Structure formats: structure tokens, C-alpha cells
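Biologist: Could you take me through this model, one region at a time?

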Amino acid sequence: MDFIELKDLYFEYKRGKPIIENINLKINKYEITAILGPNGSGKTTLGKLMMGILKPTKGQVNISNMNSSNMTLAEISSKIGYLFQNPEKHFFCNTVEEELGFALRFNGQDVDYINRRVEELLILFQLEDKKGNCPLLLSQGEKQRLAIATILINNPEYLILDEPTTGLDSHRKSVLINILKELTKKGIGMTIISHDHFFIKELSHRRIGIHRGEIIYDKRS
Amino acid sequence: MTKEVKLDPRTKLVIVLCISTLGIAVRDIISLLLILTLALTISIIFKVNLKKSFNKIKRLLYLIIVIAIIQSIFSSEGDIILSVGRVMLLTINGLEKSFQFILRIIIVIISATIITSSSSREIVQGLVQWGLPYDIAFMVALGIRFLPLLTEEIKDSLIAIQLRGIEIRKISIRKRISLYSHIFTPILAGTILKAEKLSTAIEMRGFRAYDSRTSYLVLKMSKWDYLIIFISIAFTSFYGIICIFR
Amino acid sequence: MINPIEINDLYFRYITSTDYILNGINLTVSKGEILAITGLSGMGKSTLLNIICGIIPHIRKGDIKGEARLWGRDIKDLKIADISKRVGIVFQDPDIQLFSPTVEDEIAFGPENLMVEREEIGRRIENVLKIVQMEDYRYENPNNLSGGQKQLIAIAAVLAMEPDILLLDEITSQIDDYGKERIKGIILNLKENGKTIVLVDHNRDILKLADRILELKNGKLSIKGW
């Protein structure tokens, strides 16, 4: 099913310097799509356009057949979870525990449910002994894990992950690979933006290469 | 064929100071409007992004109008236009004063943006070559860098909140205030932490390693710079004297 | 021959913590050596690097026991200003290392502070931009660069200071394959010129460049076995 569709996508920050040029893509919901490319190729920008964090200069992004420009970010996030390249952009609470439960509490969920969900994620991401710590004072790898945990809290049906292996050692990378594989088994598809070949090889069904804002290859394994 | 003349940032500083001084010292509205036109023209010549400045003014417009109204209420001279019972709300003088105030603020804002057509490095170098100690100039430049850091943090956090499924625009005012107050401390803490780490990196790059420093960037004033500075100061003094003796 | 880095019986704990993150570190790094430190995140690798360049205790405070020496002198007795003349550190997050309006300004900043004369600064800027292959971006605002490109500029900015000891804290995490190749070249080149390098990284290709690989676990260093 074409979950995300990019039509004639064009994006620039400054006039005359396009970051994304003429991209047409259909992203399937039930597989893992990888977007690869060198630094400065436009991968992150493409991910943000897919998520609706950036609005296209020209062209259109459709999510579930609806034009994403007509949707609010919060509406999009009920379907798609987005991971920033810099995990600190996800944090605005004083403790790890608070950070995980924030959105649920704010939306008035039942306290027991919140506690269970938070505990589940703390264990899954090995952050139980850090639950009282301030998110900004964690090590890079711990921040990464917490950020991924926060975007899973609302049970999204799809994920866009921008360089999720930044700062992870090989052990934790394996843990992350397993977590993501489990999620795909539950029917959650994802787009992973990365330059980590090993990580991509382990996970992806489809590999899209981007260079200077244009797609240069699109392979299925 | 026009030759692109690049003006020294110090010249721009002089221009900004002159315009701001005139804007504050001058009284009558016609002159203020003329000065505003001058400021706008100069901004356009320097290719300042006026759209951004207008957006900033738009956001402050609410505050500006409130202050203007307060000014008007507290100046009780002149013919009364509007009054409620014994309280004079609007007088001719009051209207004039608030209009002056609005024009002055806009002049100062527009002229300040003239400075933004030079990079912060150039401005710092300009001040240093004028004799300001580098430490101070640099700290000022960093302080200027700090404010956008804070606004970046706030923007990022608001996006992050929406990404968690919280519809900021659709929740009640009370809940919104509670949201903002809840995240205010961590956002401020985040900015301060960022600033601390940045200052660590700056120290490790040798900041203040010696009593002075060399500079790769060297500014040279051209004859245009001197000419414009002379014209600006002459114009300002001339105009200022006329206004004082009116 | 005095070793550039010598650490004896070092214990360290942050003031906010009750546990010691470094529990008896003994380390000697010889001149011209490439030392790699590996270990799970959160184990104290960055903390160790911060102690070596004096950020701890001069900028960040903590409970520190034992001694750390740079060229035989106790780091506690040295000033950051003096350390920065010979020790350079590149951090993991480029956003807290770049603050200038253009790439050129950013790279010139360090040498300007070290009183390097103008022509030499110009030469270093060109040289270093060639090394990281970012010459096209000389007048760009670093804010407009991608994450990996920013990191390359951060590395370039420190290289321009020509330090004798270079500390690299997980610098390749955001960098693509081409960039990693360039960095491998940079590291090997620095070693040839007699510089001492201590790097923290997870990438095997980078770790393979090291003369010695140590693992930091439970606050202690041990030889890493694959």
C-alpha cells in the first residue's frame, strides 16, 4: 500500500539553491525503506518533507492519500513517529520518566496505563536505572535510546528515523536492530535514513540512493 | 555598469546611530515620517530582508499599540476627542504622542536591521579596529548569538511536542499556558547547557590564550565610507540643530 | 623522553553522582602513538578525554583523585589557555562547536587566538579545507550545512590550530563513508608528523588505525580483545 507518496517534490531554503529536486517516490507501508547518501545529499531534508516538518517549495507529499499540507503536525504524528538526528531535540522534561509519560499524561490517559507503558519502554531500552536523570545529561547513546523510546509511546503505525545509529556502540546497535525487527513483525513499517551500511543491510527491504537532492538508485533486496 | 560598493560595517554603525538619534530627538510627525522613509530606503539599498523585519514588527505590534494607548491616556493636554465620564481617553496631543512613539519604534527597528547586512564577524572586527577590546566585542557577538539559540530551542521543542501528538493550536488557553510553563524550565536549561558547552569549545580553541590576538579579517575604510560617515554626521547635526531651535 | 600523557591512579566522580565513573585509571600515551578507547556508552570515555585536556577540573567540577599529567606537568597546575595551545579536542556534537557566520571565520578563530600571523592563517585555512574536501563551502554559513558537513568543519577548525595532541570524541558518528576515508587519511598523516592521538570511536575501520586499543569498563581500562 502506498503509504507516503512524493510527487514532483522540490525544496530549497534559499532561492536558487535547491536541496531536493524533482523527486517522485511511493513508499510502501509494510516494508523497511532505507535512504542512503553522502553528507549534504539532502537525506535529512527529504525525511522532514516526508514527515511534514518542512513544507515543499513545489510539489506534494501525500500521507495515506491525504495531502500532508492540509494536516497538522500532531495529526501526522498520530500515524508516523519521527526521530531527529540530534536526540536532544526530543527532550523538554526534567526526568527520563517524565519525558516518556508526558504526552500520555497531557492527553489525559489513565495513570496505570501510563505507568505500565513507561516501565515497558524503560526496560526495552535499558534505561531503568536512569529514570530519575535529566535527559540532557545522559550520554549520547542513552539520549539516542530515550529519543527512540519517546516516539514509540503513542504506538505509531510507521516510523521515519534519521540516522538512528548515531552514537551507538556495536552492542547497542544490535539491540536496536532487534527492536526494529520486532516492530516490523507487528506491522510497523519504517524509513531509515542512514549511511551505516551494516545496519541498512540487516534491516532494509528497499534501498534508495540520493545524491545532490536527486534519486540515483532504487533497489529491492 | 554599477560597481558593487561594499561598505565597512563601521559606516553602517554610524548610519544606524544617526538615524536612531534623529528618530528619538525629532518631534514633529512629518519629519519622523521623512526619517522613516530614509531608513527604509537605506535598508533597501543594503538589501536587508525587509519581510523579516516587518514580521518582527507585526509580532510586536500588539505591545506597541498598548504602550501607545497608555501614553495617550497619560497626556492630558489639548482638545478632547473622546472621554468617558471624567477620564480623558483620547486627546489631540495624546494621539500625536502615541503616533510619534509608534513611528520612533519602527524607525529604531528598521535602522537596527541595517546592521544585519554585515556579518557578526565583520561587526566585531569593526568595533575591535575602533579600539574596543576583543573580549568584549566577542562576548557581545556571542550574546547576540544566544538569543537565536533560545528561539531555536523553543521552535524545536514546539515541534517535538507536536510530534508527540499534542495539538498546540487546538487546546484551551489554560492548558496551553500550563504547557508553556511546564516546558519553560527545561527549555531554558537546555539553552544554558548548550551555551555552556559552546563556551567550553570556544575556550579549548584558545580563546584568551594570550593577551591579544591576530585577525585574518582586516577591514579597510574606502573613500565612500568616509564620505558617507561625513554626510551622515553632518546631516544629523544640521537637522538636530534646526529641530532644537524650532 | 617525557610522555605527552600520563595518568596515575585516577579516580573521578561527578559531584551529582555517588558512584565513581573512573575507578583507578593508569595510562601512558607515548609521543606519536594512536590510542583508541572503546566501551559501551555512558562508561566514562568522554569524561576521560575531558580530564586529559583539562576541561575537568578547570571548567567542569568533580571529585578527582590521583594525577593526570601533560608532558610531565600536572593538569591541575596548568591553565586551559596554555593547554589549548598544544591540545585540541573535537566533540561529538557539531552544533556546540560552531558559532561563526562563515566557515572561513570558524577555521580562522583558533589560529587567531594563538597569535598566528595573517598569511599563515590564510595558508592553514586553504590547507585544512582541502584536507576535509570542503573548499566549496568556504563562505557558507555553518548553520546551513548538513550534520556530517558541520562535523568536518569542526574537525578542520581544530586541525588549523596544529595541536600536538589531538583528542577525538566519536567524531565519525555522523560522517559518511567518503568522510570516514578522509578522516582515516588525516589520522595517519598526523601520526606521520609525530602527533599524538587519543580517539574514542565505535567504528572498526577507525579503531584498526590505532597502535593500541583499550576498553573502558566499570571505570577501569583493559586491553581490548576482539
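Predicted model: local features only at pLDDT ≥ 70, side-chain atom pairs only at ≥ 80, totals over all residues.

Biologist: Sheets first. What is the strand order in the open sheet of 4 strands in chain C?

Modeller: The order is β2-β1-β4-β5 in chain C, with antiparallel pairing. Strands here are DSSP runs of E with at least two residues, helices are runs of H or I with at least four, and both are numbered from the N terminus. Two strands pair if DSSP finds at least two bridges between them.

Biologist: Which strands stand at the edges?

Modeller: β2 (22–29) and β5 (73–74) of chain C do; each has a single partner strand, so one side of each is left without a neighbour in the sheet.

Biologist: How many bridges join the strands there?

Modeller: β1 (residues 5–14) of chain C is joined to β2(C) by 6 bridges, with Phe12(C) opposite Leu22(C). Between β1(C) and β4(C) there are 8 bridges, and Glu6(C) has Arg69(C) as its bridge partner in β4(C). β4 (residues 62–70) of chain C is joined to β5(C) by 2 bridges, where Leu70(C) stands opposite Arg73(C).

Biologist: And the open sheet of 6 strands, what is its order?

Modeller: In chain C the order is β6-β7-β8-β3-β9-β10, and the pairing is mixed. β6 (87–90) and β10 (220–223) of chain C are at the edges, each with a single partner strand, so one side of each is left without a neighbour in the sheet. From one strand to the next the twist averages 20 degrees. β6(C) pairs with β7 (residues 165–169) of chain C in the parallel sense over 4 bridges, and Val90(C) has Leu168(C) as its bridge partner in β7(C).

Biologist: Which strands does helix α1 of chain C lie across?

Modeller: Helix α1 (residues 45–52) of chain C lies across β3 (34–38), β6, β7, β8 (196–200) and β9 (212–217) of chain C, and runs at about 155 degrees to β8(C). Axes are lines fitted to C-alpha atoms, for helices over the stretch in contact, and angles run from 0 to 180 degrees between N-to-C directions.

Biologist: Changing topic: how many residues are in the largest nonpolar core?

Modeller: It has 76 residues, and those with the most contacts inside it include Ile52(C), Cys53(C) and Leu167(C). Such a core is a set of buried Ala, Val, Leu, Ile, Met, Phe, Trp, Tyr and Cys residues joined through C-beta atoms within 7 Å. A residue is buried if 20 or more other C-beta atoms, placed from the backbone, lie within 10 Å of its own. Helix α6 (residues 147–159) of chain C gives the most to this core, with 8 residues.

Biologist: What is Cys53(C) in contact with?

Modeller: Leaving aside neighbours within four places in sequence, Cys53(C) is in contact with Met204(B), Ile83(C), Val87(C), Ile89(C) and Leu167(C). Contact is defined by C-beta atoms, placed from the backbone, lying within 7 Å. Another core, of 64 residues, lies apart and has Ile20(A), Val96(A), Ala103(A) and Leu146(A) among its members.

Biologist: Is Leu100(A) buried or exposed?

Modeller: Leu100(A), in helix α3 of chain A, counts as buried because it has 27 C-beta neighbours inside 10 Å. Leu100(A) and Val118(A) are 18 residues apart in sequence and 6.0 Å apart in space, C-alpha to C-alpha.

Biologist: How many residues of chain C are in contact with chain B?

Modeller: 30 residues of chain C are in contact with 22 residues of chain B. α4(C) gives the most to the chain C side, with 6 residues. That side divides into 18 nonpolar, 7 polar and 5 charged residues. Here Ala, Val, Leu, Ile, Met, Phe, Trp, Tyr, Cys and Pro count as nonpolar, Asp, Glu, Lys and Arg as charged, and the others, Gly among them, as polar.

Biologist: Lastly, what covers the buried residues of α1(B)?

Modeller: The cover includes α2 (29–45), α4 (92–115), α5 (120–129) and α8 (223–244) of chain B. Ile15(B), Cys18(B) and Leu22(B) are among the buried residues of α1(B).

Note on methods
Residues numbered from 1 in each chain as written. Chains lettered and ligands numbered in written order. Buried ≥ 20, exposed ≤ 12 C-beta atoms within 10 Å, placed from the backbone. Contact = placed C-beta atoms within 7 Å.
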